[in-house]
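Please keep the sequence and the structure in view while reading.

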Amino acid sequence: MPVPDTPSIGPREQKAAAALLRVSAAPALELGRVFAGHGHQLALVGGTVRDVFLGREHSDLDLATDALPEQVLEIAQGWADRVWQTGIEFGTVGMRKGPTVFEVTTYRNETYRPESRKPVTRYGTSLEEDLRRRDFTVNAMAAPLPSLQLTDPFGGLLDLRDKVLRTPGSPVDSFTDDALRIMRAARFAAQLGFAVAPEVAVAMHDLAGRLSVVSAERIRDELSKLMLAPGRGPVRGIELLVDTGVADVVLPEVPKLRLETDEHMRHKDVYQHSLTVLQQSIDLEPRYGLEPDLVLRLAALLHDIGKPKTRTLLPDGKVAFHHHEAVGAAMARSRLKALRFPAAVVDQVSTLIALHLRFHGYGPGEWTDSAVRRYVRDAGPLLTRLHVLTRADCTTRNKAKAARLALAQDGLEERIAQLSAQEELKKIRPDLDGHQIMQILGLPPGRDVGRALQYLLDLRMEHGPLGEERATHELLGWAEREGISGAAGPPPDDSRPASQ
């Protein structure tokens, strides 16, 4: 839906705005009449109004009212199918009517203490004052119900047209009050494709240190939304964080990449290479059946963060970064844990980074079936993401080399598919389980059983399926060589360990 292309909101624009809002906000009109019948104001606000003009879908409706939370509850009890009070301490009452969810918040005035981003909140009576406290002008518009007469005291509609993020008042005051708005600026820039106004960028830079009062979880949530933005949004958002110095505070490993030149001299710096890999990973997601994938995108952004610590100047003047994948995996683990990402995300991202160079040892005729099995085994459920990351990591401008790498990747994926069809690679297990090993060797549960399982798994990876009889012979021979007590005896004379 187009944004009215006018310098002000006149009668014609109001009529057009009301028509757009009426289509999108039909479920709220009835609620507006109910509130009016009780003598209270009710208005669509914030992202709900913004998204109507941007043509973006929204599942929930955000509304503001002069009614106190207790009064909202009283009104809702006789109208909504369901009511909840999860956010009532912040003045918000949730309700559902049919398929539509409404969040109704009492007008608020807020004051902040310098050492905290948690405001002292007082209920207000003015819609305009409630809009003034919001983060950006595009989120500071309202449509009172049931009239839908657009209220836009800070020029949000014009900023939507110009695709720019501004604050309703001074950005310094806004970010000083609530430093999380610095991260929200980058997130909205990524999600909406908007630029930040020059004064907003300056305030982001000058007040980045204020993010120290924001919880790691809140920063993580904004960063995650940024990384899951569509199209070039994630790259745009990361560039804004780096250019304003905010990344120095929340993700310092990324701006440090600007100091390093990669070993192939393909890019001005590893930072630009990493952004290219991020974008190429995003572009490849549909090909591999991936939804917007946070783990993949974080791994793409962070895959080379170990390079600054491993930089070595070679005799010929070139630069090498030996074992940067292992160092980078540890660094990514530390940073993501500090940002309170879930343990599964931390493990998966660091594993992808640790494995991202493994492919470069592959060449036609150079990898045995055993090597392919180990590659699949080590990647585990991350195999598809590893394919994407590996393919995206090819950023060479040499067309012949790029073609060779693509052909090699195609070949590896085809071999994996063929072996998977034959052996179900993703389900590879030792040919004997722990219970069988304990019976054969006469062992109780313990470390030796685990060692035996690993030995049989290694044989399985090296030689393919062994079968129970051969696996038993191999196990007995291994136990004898290892001097494991309780073994039932050496293998028959005619058996030889597969490893010999």
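Pro-146 is placed in the loop between β8 (142-144) and α6 (156-162). The names of helices and strands follow DSSP runs, numbered from the N terminus, where a helix is H or I over at least four residues and a strand is E over at least two. The model is a predicted one: local features need pLDDT of at least 70, side-chain atom pairs count only at pLDDT 80 or more, and totals for chains, interfaces and linings use all residues. Residues are numbered from 1 along each chain as its sequence is written, and side-chain values use heavy atoms, with hydrogens and water left out.

Most residues other than glycine have a negative phi, and most peptide bonds are trans. The peptide bond from Leu-145 to Pro-146 is cis, with omega near 5°. Leu-148 also lies in the loop between β8 and α6. Its phi is positive, near 60°, and Leu-148 is not a glycine. Is Leu-148 buried or exposed? Leu-148 has 0% relative accessibility and counts as buried; the term buried stands for under 20% relative accessible area, exposed for over 50%, and partly exposed for values in between (1.4 Å probe, protein chains only).

Lys-163 sits in the loop between α6 and β9 (164-165). Lys-163 is not a glycine either, yet its phi is positive, at about 55°.

Helix α3 covers residues 47-54, and seven of its eight residues are buried, so α3 is largely enclosed by the rest of the structure. The buried residues are Gly-47, Thr-48, Val-49, Arg-50, Asp-51, Val-52 and Phe-53.

Arg-50, in helix α3, has a relative accessible area of 7% and is buried. Which residues are in contact with Arg-50, leaving aside neighbours within four places in sequence? They are Arg-56, Val-138, Asn-139, Met-141, Leu-160, Phe-188 and Leu-192. Here contact means heavy atoms within 4.5 Å.

Helix α19 (residues 383-392) is likewise largely enclosed by the rest of the structure, because nine of its 10 residues are buried. Among the buried residues of α19 are Leu-383, Arg-385, His-387 and Thr-390.

## A buried valine

Val-200 is placed in helix α9 (residues 198-206). Its relative accessibility is 0%, and Val-200 counts as buried. Leaving aside neighbours within four places in sequence, Val-200 is in contact with Leu-165, Arg-166, Thr-167, Pro-171 and Phe-175. Val-200 and Thr-244 are 44 residues apart in sequence, with 9.9 Å between their C-alpha atoms.

## Packed helices

Two packed helices are described by the angle between their axes and the distance between the axes. The axes are lines fitted to C-alpha atoms, for helices over the stretch in contact, and the angles run from 0 to 180 degrees between N-to-C directions.

| Helix pair | Angle | Axis distance |
|---|---|---|
| α22 (residues 447-463) and α23 (residues 468-482) | roughly 125° | within 10 Å |
| α14 (residues 294-302) and α19 | about 35° | 10 Å |

The axes of α22 and α23 cross at roughly 125°. That angle makes α22 oblique to α23; angles under 35 degrees count as roughly parallel, over 145 as roughly antiparallel, 65 to 115 as roughly perpendicular and the rest as oblique. The crossing of α22 and α23 is right-handed, a term for the near helix being turned clockwise from the far one by less than a right angle, while anticlockwise is left-handed. On the α22 side, the contact includes Tyr-455 and Leu-459, and on the α23 side it includes Leu-475 and Trp-478. The residues of this contact are seven nonpolar, no polar and five charged. Nonpolar residues are Ala, Val, Leu, Ile, Met, Phe, Trp, Tyr, Cys and Pro; charged ones are Asp, Glu, Lys and Arg; the others, Gly among them, are polar.

The crossing of α14 and α19 is right-handed. Val-295, Leu-296, Ala-299 and Ala-300 of α14 meet Arg-385, Val-388 and Leu-389 of α19. This contact has six nonpolar residues, no polar and one charged.

## The chain overall

The chain has 23 helices and 12 strands. Of its 500 residues, 52% count as buried. Among contacts in the chain with a separation of 6 or more, 65% involve residues 24 or more positions apart.
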